[in-house]
Amino acid sequence: QDQTRELKLKTTAKIDWGNRKLGLDLVPRCGAEMVDPATMSAVELYKVHVQSSENIQGVSARGTLRRPKDTSKIQTRHMFMCMRDFGYHIGEETEVYFSLYDAKNFKFISERFLVKISKEGFSNYIEKLHNNCTIFTELGLQDLSRDLYIVAHVMRIGKMVYSESSKKVSLSSSSSSSSAQTPVSYFKRPLGVAVLNISEMLASNNSGGSDEREFTFRVFQTDEKDFCQLHDTLIRKQNSKYSPLSSHPNYGIVISLRILDGDLRQVREENPLAFKNVSTTKKMGFPDVIMPGHVRNDLYLTLERGEFEKGGKSTGKNIEVSVVVLDYEGNVVPDCIWGASGTDSSAEYRSMIVYHHNAPCWMETIRLAVPIEKYNIAHIRFEYRHCSTRDKADNKKLFGISFARLMEPEEATLQDGIHELFVYRCDERTKLHPNDYLGLAASIHESSTWSSSPEPGSVFSCSHKEIVTIRTMLCSTKLTQNVDLLSLLQWKEHPHRIQEALTRALRLDGEELVKFLQDILDALFSMFSTDDGNSTIHSGLVFHVLVSIFSLLYDSKFEHFKPVMNAYIKEHFAAALVYKGLLSSVQHCAELVMSTDRQEPIQKCFRSLEYIFKFVIQSRLLFSRATGGQFEDSFRYDVHRVFASLDKMLCSSFEMILPTQIALLQSASAVFDQLVQVLPVIEVAKLGVSMLDCLPSRDLPTPLTQAKLGAIKDLVAGKVFKDDEARNLLLITICKHLRHHISAREEIQLCTDILGEILTFLFHLNRSYDSSKVNICFRRDLEILSLSTLDMLIETCLIVIDRMVSVLANMVACLISLLQLLDDYHYKRLWEELGDRKPLKDFLLRAFLLFRHLIKHDVFPTDWMVIKMTTNNVILAALQQLAKPLVFCFLETWPHFDYQVWSTYFKLAVAFLTQPALQLETFTIVKRTKIIEKYGDMRVLMGYQILSVWSKLGDHKINFIPSMVGPFLKVTLVPEAELRKATLHIFFDMMECEQRARGNFKEVESELIDKLDYLISENKGDDEYRQLFNTM
């Protein structure tokens, strides 16, 4: 489906690009579909035109769709990787470890994924289907901007020293056994490394359905001691330090990659066959969004390097490290170690061996998934063995151990970062018991609190020259390394330290807060009030912490957590009594504004009102359900008191509190949307109206005007506006404010945006009603809107027509939208409202002048034919209505006849009829047919309208002789037989009228001859036209 949509978009983009090159009209589209102007308001139609025009400009010279690079839309990407071939024949079992590497920051960002290859070669070895494929998950925006590589570390599993003869020796171990179960005479040895840059592919803005792409990259080798840095050397292309692994020059590792966007669960559901049993390779770190219920408890451990003493031998040792997790009793924690994804867990991991080297560098990352309840009693033990090159059963000899505690004394988990571990010498595994070494210092960091010297007689000895360096990184939603956070979560155990814990919580990093969001909020709400809903001595500080958490959600880095917070409120939040305390805290903030210089905390509170009220309302709903709606009046009273305090604060005009007032206005609409759940909608609308009316229309600072209009715009888009009664109330206030700002030419763009949203809403509301019935609410809304804004819109359009071109088109779209909706009733109300002759005349003259300008000058680009036709159609209908007051107000006995209004009308009607956009015979047959199908020939309709109005003039026709002879002649030039015949009667009428008034018709005659001479000399008119005149 996505691919079909993509193909449609590409095809229509090419067609539209071609149309523009050929000078054809713009086709307004939503996506790939053409729009029907009858199904949308003129404002929406205008926006579609703007968008379609921009889309064509975004198409490249070849006519292909050029997408703007907007990776911000993509929150999370995943990368599907499949190893298709391994073009080397090693002759021993081989393991290829794939991981993602950030070349800019010199660090691996994912765990490793393992593909095993039998000694017979890749094509003969598929242990289970999908075991050569994985999905690298949760690559966030930050990862997409990194310089990312896929690094493949190739290891062979076999003899210590590799030779051609060893190829011929068949391995006794079965190909399925993991390195932990390989017979002792075989070792994991470094062979080579391959790197592939994928940053371009990841950042490319293809949608999740992008094609799979295949890549081949070659394996290189170097000295074993430099193996751990080989990937960097390859990326930096330091050629002298490596050589290709011998094979055919075009061979290498072949992998295919595919980018997947969105939630991983959804990706799997959409592609059930492709990703059914494929393993996932996690990112070392959290995704951008941690959803509730996302449980993770991984400790990543990187074996970096070791420094060992020679011990009197001339050659270095062959050192293998075994990693195992034990409890204090010495029992092994089973199946908690993953050497790589794509394999099963095991109780022990064994490292690769660097040949004859006392300072080996391993750089191997493994994942420990230790059950949470074992964390405080478990530790990691590293056992070091020297491996002999001789083929014998016990060719690995233990010579020392190191260890690391998983939990530190304050119950914080092992800190992230580098740990330099002491090596305790011991050569008998049977003597290794945790009791003997856990009393010692595990690392240099611990040596200040623990002793690193074993007691006399101990089985251990320690040389401070021997150090093994490891690096750890915790990814856990349940364990924290932060002592401040721990003290907050464990507040019940240390009630005397609550104040300190809350103060420290204000300093907590956002990432820690959102990771443990549910636990932290549970703790805070427990501290916030007592069981019967009364406040505690800590309530103020708890509210402060709550607000700092809510305000995090408005930071672009954490805005993805809004769904997490919403899910917590709906599904986990259970404090039914906190609404009282939250409301009084907000009221306290509002009352404090005028008496403090520290506005920042109050601004934070107001910016977070949406979430504060979400908790207030959920708490009230929980309480209502539990008690059958008790204390309803008291709750309402509290809400009204809060809003009274907020309104009072908005009425003040001190510069210092301006940002605080803006913060309140920005979040007000979201609060009203929430309140609909617990208060009648009309009551919420009244709260909104009183808040807007606290801000006077005039003399507001510009930022406050913008914030007020922003609040109005949000209200129009919100839930309250959708209720008929509430909307009616809101519209009265909104129109009052809009009228003032439009007339003062303040923030016209924002005002027209709001007006456009209201008109679009009303347009669709009207369409949703049964056409046979008149909807009273809709009629009332439109009456308020038209009486408040129509005259002001016309006036402002005329003022900005030459000055503010950028807002003019938008304003005209609003005007057309409004006229589109008006019916006889609204025009009747408009004439009543304008009342006196003078205001009515001014209104009509302005309207006629504006319409004339719209016809004569292009407000919209020349190729926007669809919106031009819609505009003409609306003007035609409007002129029919505007002609009515001509007859009943400006046509009475002589002193009341108003020549100016009538002649302006006739000139406008002729200009409309003769405009180039309506001359159908100049268009192609297809275009002509489409226009006639949709609108008919608007010239004919206008012609009959002119005739109808002319016929009402009676004796006043003499006023238009001979001035209207020329314009009416222009009408007869239109090559439309019906129209010509109809219009020619006007000339008979003029002659008759002049004959009655003056006894002859010389003026009409001479004017007709002059104008006809001129027109014929200009080569206007056709043979049919001449024949028609002859037959007269």
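Student: Between which strands does the loop that holds Asp-335 run?

Tutor: Asp-335 sits in the loop between strand S16 (319-327) and strand S17 (337-338). Keep in mind as we go that this is a predicted model.

Student: Why is Asp-335 called partly exposed?

Tutor: Partly exposed is the class between under 20% (buried) and over 50% (exposed). Asp-335 has a relative accessible area of 46%, so it is partly exposed.

Student: What can be said of phi in Arg-745, and where does Arg-745 lie?

Tutor: Arg-745 is a residue other than glycine with a positive phi, near 55 degrees. Its loop runs between H22 and helix H23 (748-768). The relative accessibility of Arg-745 is 36%, so Arg-745 counts as partly exposed.

Student: Let's turn to charges. How do you know that Arg-189 and Glu-224 form a salt bridge?

Tutor: The cut-off is a side-chain nitrogen of Lys or Arg within 4 Å of a carboxyl oxygen of Asp or Glu. In this pair, the closest N and O atoms of Arg-189 and Glu-224 are 2.7 Å apart, so the pair is a salt bridge. Arg-189 lies in strand S9 (residues 187-197) and Glu-224 in the loop between strand S11 (220-221) and helix H6 (230-235), so the bridge ties together parts 35 residues apart in sequence.

Student: Is Arg-189 buried or exposed?

Tutor: Buried: its relative accessible area is 3%, and the buried class is under 20%. Glu-224, with a relative accessible area of 26%, is partly exposed.

Student: How do you know that Lys-884 and Asp-824 form a salt bridge?

Tutor: Their closest N and O atoms are 3.9 Å apart, and the cut-off is within 4 Å, so the pair counts. Lys-884 is in helix H28 (residues 865-889) and Asp-824 in helix H26 (residues 824-834), so this bridge ties together parts that are 60 residues apart in sequence. Lys-884 is partly exposed at 38% relative accessible area, and Asp-824 is partly exposed at 48% relative accessibility.

Student: How far apart are the closest N and O atoms of Glu-348 and Arg-350?

Tutor: They are 3.6 Å apart, and the two residues form a salt bridge. Both Glu-348 and Arg-350 are buried. Over the whole structure, a search finds 50 salt bridges.

Student: Which residues gather in a patch of positive charge on the surface?

Tutor: Arg-852, Lys-856, Lys-907 and Lys-970. Patch members need over 30% relative accessible area and no salt bridge. Lys-907, at 39% relative accessibility, passes that area cut-off and counts as partly exposed. Lys-907 lies in helix H29 (residues 899-914).

Student: What makes the nonpolar surface patch of about 300 Å²?

Tutor: Met-594, Phe-654 and Met-656 make that patch. Met-656 is in the loop between helix H18 (632-651) and helix H19 (658-675). The relative accessibility of Met-656 is 39%, so Met-656 counts as partly exposed.

Student: Why is Phe-721 called buried?

Tutor: Its relative accessible area is 0%, and buried means under 20%, so the label holds. Phe-721 lies in the loop between helix H21 (702-717) and helix H22 (724-743). Its C-alpha atom is 10.0 Å from that of Ile-682, and the two residues are 39 residues apart along the chain.

Student: Is Leu-818 buried or exposed?

Tutor: Leu-818 is buried, with a relative accessible area of 1%. Leu-818 is placed in helix H25 (residues 805-821). From Leu-818 to Thr-789, 29 residues apart in sequence, the C-alpha to C-alpha distance is 9.3 Å.

Technical notes. Residues numbered from 1 in each chain as written. Predicted model: local features only at pLDDT ≥ 70, side-chain atom pairs only at ≥ 80, totals over all residues. Heavy atoms only, no water. Patch = residues over 30% accessible without salt bridge, like charges linked within 9 Å, V, L, I, M, F, W, Y side chains within 5 Å. Areas by Shrake-Rupley, 256 points an atom, 1.4 Å probe, with all protein chains shown as cover. Lys, Arg positive; Asp, Glu negative; His and termini not counted. Charge placed at Lys NZ, Arg CZ, Asp CG, Glu CD. Helix = DSSP H or I, 4+ residues; strand = E, 2+ residues; numbered from the N terminus. Buried < 20%, exposed > 50% of the residue type's maximum accessible area, 1.4 Å probe, protein only.
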